Amino acid sequence: MSSVASVHSLWTVAADTPGRIPAPHIEYAQLAPTLIVLGAAVAGVLIEAFLPRRSRYYAQLLLSVVALAAAFAAVIGLAAGGFGSAKAHIAAMGAIAVDGPALFLQGTILLVSLIAVFTFAERRLDPAAHGNRVDSFAAQAAAVPGGKAEQAAVKAGFTTTEVFPIVLFAIGGMLVFPAANDLLTLFIALEVFSLPLYILCALARRQRLLSQESAVKYFLLGAFSSAFLLFGVALLYGYAGTVTYSGIAEVISDGAKQIDPALAGTMGNDVLLLIGSALVVMGLLFKVGAVPFHMWTPDVYQGAPTPVTGFMAAATKVAAFGALLRLLYVVLPGLRWDWRPVMWGVAILTMLGGAIVAITQTDIKRMLAYSSIAHAGFILAGVIATSENGISSVLFYLGAYSFVTLGAFAVVTLVRDAGGEATQLSKWAGLGRRSPLVAAVFAIFLLAFAGIPLTSGFTGKFAVFKAAAESGAGWLVVVGVLSSAIAAFFYIRVIVLMFFNEPKAEGPTVAVPSPLTTTAIAFGVVVTLVLGLAPQYFLHLAGQASVFIR
């Protein structure tokens, strides 16, 4: 009892003594992009609570668009103010890095998310239900699929406008993830953006059971990956006595200068370092969908509402690769000779596995899922380069790939039959004759995925393969080119199916979207062509943003 009292008195004395507990120093202006998005997410929750149901959709859409645009403007302001180069530093008491890669990735995530929100808000694709326009999301998420509560919600014209604050919370976590400068911040950001995604995957208006199944699979596998990452964080703390990136890197390179007595028995133990690093990297490879941590990807991409699939495929990859780059280049450069061979194997398996299995797919969303796995392998080739060119090539590839992906999934939402989206490949036969414009736009995205010249996909692949070759990974480039050739087969197959096959009499129709989805698709096409035809400015921008603050 006396010991408890003495501890309590110590706390009291420490609290009463001025200057003993310093107030945290937070650079709010430099954290503005994240704070704006999370503030808007909280405001969105309040809108759901206090605004009448009929007013929520427009209020949520306006709030989301304004918040994302303001956050993007804040990123531009920080970059223009030199925080991407000369003024780059560690903010928020060492938790967040404000540097070139962080700002570039945050800007990409915000722009992708802004376009993705347009697809979330689309309400013209499905036929009106009981006189009310409906979107891609369940009328009442808590209702049992097919039950009386769901039927009553549909009849009443309910819509799940909560998706807007939920996606803003996910975006807020994604903004922190590639900028995290200590392992605890990394883990918290991972959970902040993962939990909303698990919910969003379960909210499809049609095929609700498939949607809920995909969400459960994603949640269970995501929980395992989070557990691996957290266990790795614990082991790295045991090794270095700190969770900060710079502290761990210093112990790896120089050994512990001041050993914490409580950790003296474990600090500097290479077994903890190697196993801990492997577990943390595993957690990140799960998020990028690399083989052998990819098994969730096709099921989740197929079952989730298509706007959510497009958002996840684009934004999550950007955030996860940003975090992986920072971990490997800032924390573990001293272990380069240990992790490079492993990443070689992962990259080769990912490129070949994604490309080969994609050939066998008969569902367009599953095909694009395996395509995204193959692209994760191509991006890993740039990560393995361990040079500034490698970083800049990965940044450029992520920006190019995310808009192509978002545009492709937006096109998928337009092709519909009586059951909703017609995702079976056989149903796309003759689409080029039914709707030449939509088929042509989808063909542009497929050619970009295949890496055909004059598209952003070619420029991105050329950049990462060039960086890999310069770093001595020539054989990896050979495998990458072979994988690209295999992948080109199934992309070209879809184009042939659309333009050279006769349309079936009972085939799907192409819905006329609102200006929201039209804008999303048009933006994807413009970015794909501009980054293919005139990429130099954006490559230069990525090159300027390729230096991590340590």
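Where is the place of Met93? In this predicted model, Met93 belongs to the loop between β1 (89-91) and β2 (96-98). Most residues other than glycine have a negative phi. Met93 also counts as exposed, because its relative accessibility is 58% and exposed means over 50%. Leu454 is not a glycine either, yet it has a positive phi of about 75°. Leu454 sits in the loop between α17 (436-450) and α18 (456-470), and at 54% relative accessibility it counts as exposed.

Another backbone feature concerns a peptide bond. Most peptide bonds are trans. Val291 and Pro292, however, are joined by a cis peptide bond, with omega at about 10°. Pro292 is part of the loop between α10 (270-288) and α11 (296-303).

The strands come next. An open sheet is formed by three strands in the order β4-β3-β5, and the pairing is antiparallel. Strands β4 (420-421) and β5 (509-510) stand at the edges with a single partner strand each, so one side of each is left without a neighbour in the sheet. Strand β3 (residues 415-417) pairs with β5 over two bridges in the antiparallel sense. For Arg416, the bridge partner in β5 is Thr509.

What about the interior? In soluble globular proteins, nonpolar side chains tend to be buried together. Here, the largest nonpolar core has 184 residues, and those with the most contacts inside it are Phe120, Ile171, Phe177, Phe311, Leu380 and Phe442. Helix α12 (residues 306-331) supplies the largest share of this core, 18 residues.

Two packed helices are described by the angle between their axes and the distance between the axes. For helix α4 (residues 100-120) and α12, the axes come within 9 Å and cross at roughly 170°. The two helices are therefore roughly antiparallel, since angles over 145 degrees count as such. On the α4 side, the residues making the contact include Pro101, Leu105, Ile109, Val112 and Phe120, while those of α12 include Pro307, Phe311, Val318 and Arg326. Sorted by class, this contact of α4 with α12 has 14 nonpolar, four polar and one charged residues.

Two single residues round out the description. Thr309 lies in helix α12 and is buried, with a relative accessible area of 0%. Not counting residues up to four places away in sequence, Thr309 touches Val300, Tyr301, Ala304, Lys365 and Phe409. Phe458, by contrast, is found in helix α18 and counts as partly exposed at 34% relative accessibility. With neighbours within four places in sequence left aside, Phe458 is in contact with Ala448, Gly451, Ile452 and Pro453. Phe458 and Pro436 are 22 residues apart in sequence, and their C-alpha atoms are 24 Å apart in space.

Key:
Residues numbered from 1 in each chain as written. Predicted model: local features only at pLDDT ≥ 70, side-chain atom pairs only at ≥ 80, totals over all residues. Heavy atoms only, no water. Pairing = 2+ DSSP bridges. Helix = DSSP H or I, 4+ residues; strand = E, 2+ residues; numbered from the N terminus. Buried < 20%, exposed > 50% of the residue type's maximum accessible area, 1.4 Å probe, protein only. Core = buried A, V, L, I, M, F, W, Y, C linked by side-chain atoms within 4.5 Å. Axes fitted to C-alpha atoms, helices over the stretch in contact; angles between N-to-C directions. Parallel < 35°, antiparallel > 145°, perpendicular 65-115°, else oblique. Contact = heavy atoms within 4.5 Å. Nonpolar A, V, L, I, M, F, W, Y, C, P; charged D, E, K, R; others polar.
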